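Here are my notes from a first pass through the model.

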Amino acid sequence: MKIIFLGNGEAFDERYPNHSHLVISDKAVLMLDCGDSAVRQLWKYTKDYSLIDALYITHRHSDHLFGVPALLGRMLEEERKKELTIICSAQLKTDIERLTEHAYFGINSYGFEIKFVVVDDKQQVDFNGLKLSFAKTGHTAYNLAIRIDDGKNIVCYSGDGPFDDETEKIYKDADILMHECYMFEKRLPGHVAAVDVFEMAKRQNVKCLALGHFKRAFNDETRQRVAEAIPATGLKIIFSQPLEEYEV
Ligand SMILES: [Zn+2]
């Protein structure tokens, strides 16, 4: 599988696009989360409007969700015909239906089928031969982290929020885990400190940890402290630079 890190920023950071990634496998292509600036990143990466088979949304915060109307609108204008699957919680399905109705009032059809796959905590689904597993994190909104297993490699993404024992299970033996990280050691409500992600990644044998979503006022400082801490962790840790590729 190949990862394209579309964005690595938090909600309001003008310097870094919203946290979002493309997962490209020979079975399917998934976009993980869809904030407004993530959509612009996607179209910088590709002009193939049928590239994505499925969009997965972790939770109902705007920096992960509000790009959906722009994504669908652009696909409509560029005449995509291929069905698009949206994988999300039941609440998010309602949110997306309401959001798209509001965003471009008068557009009732995109010219391609949109199919929802509703998922929940501890659920597993098969999508085009990819085994997808979901587990809740402790974010302020209901957030489901995802594990993508193509039979050869494992790619995981946290969305937002601290992990618990159940969340950790889906990160086990990940070839890459894209994890949010708000501060270096300070634990702010609904988010994770880098020092805690390091320990969890060691426990779960994570082979590469890609960190993003740093709180903007501390972005430079947190990056520096993470970089300095890497040798002592014994982990492979990277910053998910926008539009960089990573092969697993
Ligand atoms: Zn959030």
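This is a predicted model: local features need pLDDT of at least 70, side-chain atom pairs count only at pLDDT 80 or more; totals for chains, interfaces and linings use all residues.

1. Let's start with a loop residue. F214 sits in the loop that links strand 12 to helix 7 (219-233). Is F214 buried or exposed? A residue counts as buried once 20 or more other C-beta atoms lie within 10 Å of its own. F214 has 27 other C-beta atoms within 10 Å, so it is buried.

2. What does F214 touch, leaving aside neighbours within four places in sequence? Its contacts are E10, C181, Y182, N219, T222 and R223. The C181 contact spans some sequence: F214 and C181 are 33 residues apart along the chain, yet their C-alpha atoms are 5.6 Å apart in space.

3. Now the sheet with strands in the order 7-8-9-10-11-12-13: there are 7 strands, the sheet is open, and the pairing is mixed. Strand 7 (124-127) and strand 13 (237-239) are the edges; each has a single partner strand, so one side of each has no neighbour in the sheet. On average, neighbouring strands here are turned by 20 degrees against each other, ignoring direction.

4. Inside that sheet, strand 10 (residues 154-157) and strand 11 (residues 176-180) run parallel and are joined by 3 bridges. One to click on is Y157, whose bridge partner in strand 11 is M178. Helix 6 (residues 194-203) packs on the sheet, where it touches strand 11 and strand 12 (209-212). The direction of helix 6 makes about 165 degrees with that of strand 12.

5. The other sheet to look at has the order 6-5-4-3-2-1-14, again open, with 7 strands and mixed pairing. Here strand 6 (114-118) and strand 14 (245-247) stand at the edges, and each has a single partner strand, so one side of each is left without a neighbour in the sheet. Neighbouring strands in this sheet are turned by 20 degrees against each other on average, direction ignored. Helix 1 packs on the sheet, touching strand 1 (2-7), strand 2 and strand 3, and its direction makes about 130 degrees with that of strand 1. Helix 4 packs on the sheet too, touching strand 5 (84-88) and strand 6, with about 130 degrees between its direction and that of strand 5.

6. Strand 2 (residues 20-24) runs antiparallel to strand 3, with 4 bridges joining them. The two form a hairpin with 4 residues between them, and L22 stands opposite M31.

7. How many bridges join strand 3 to strand 4 (residues 54-56)? There are 3, and these strands run parallel. L30 has A54 as its bridge partner in strand 4. The chain gets from strand 3 to strand 4 by way of helix 1, and this β-α-β crossover is right-handed. M31 also has a bridge partner in strand 4, namely L55.

8. On to helix 3. V68, P69, A70, L71, L72 and M75 are its buried residues listed here. The buried residues of helix 3 pack against helix 1 (36-45), helix 2 (62-65) and helix 4 (90-103). Just after the helix, E79 takes a positive phi of about 65 degrees.

9. The pairing of helix 3 with helix 4 is worth a separate look. Their axes come within 9 Å and cross at roughly 60 degrees, and the crossing is right-handed. V68, P69 and L72 make the contact from helix 3, and I96, L99, T100 and A103 make it from helix 4.

10. Last, the largest nonpolar core. Of its 65 residues, which touch the most other members? They are C34, Y56, I146, V155, C156 and L177. Helix 3 (residues 68-77) gives the most to this core, with 5 residues. Setting aside residues up to four places away in sequence, C156 touches A145, I146, R147, I170, Y171, A174 and L177.

Note on methods: Residues are numbered from 1 along each chain as its sequence is written. A nonpolar core is a set of buried Ala, Val, Leu, Ile, Met, Phe, Trp, Tyr and Cys residues joined through C-beta atoms within 7 Å. A residue is buried if 20 or more other C-beta atoms lie within 10 Å of its own, exposed if 12 or fewer, and partly exposed in between; C-beta atoms are placed from the backbone. Two residues are in contact if their C-beta atoms, placed from the backbone, lie within 7 Å. Two strands pair if DSSP finds at least two bridges between them. Axes are lines fitted to C-alpha atoms, for helices over the stretch in contact, and angles run from 0 to 180 degrees between N-to-C directions. A crossover is right-handed if, with the strands pointing away from the viewer, the path from the first strand over the helix to the second runs clockwise. A crossing is left-handed if the near helix is turned anticlockwise from the far one by less than a right angle, and right-handed if clockwise.
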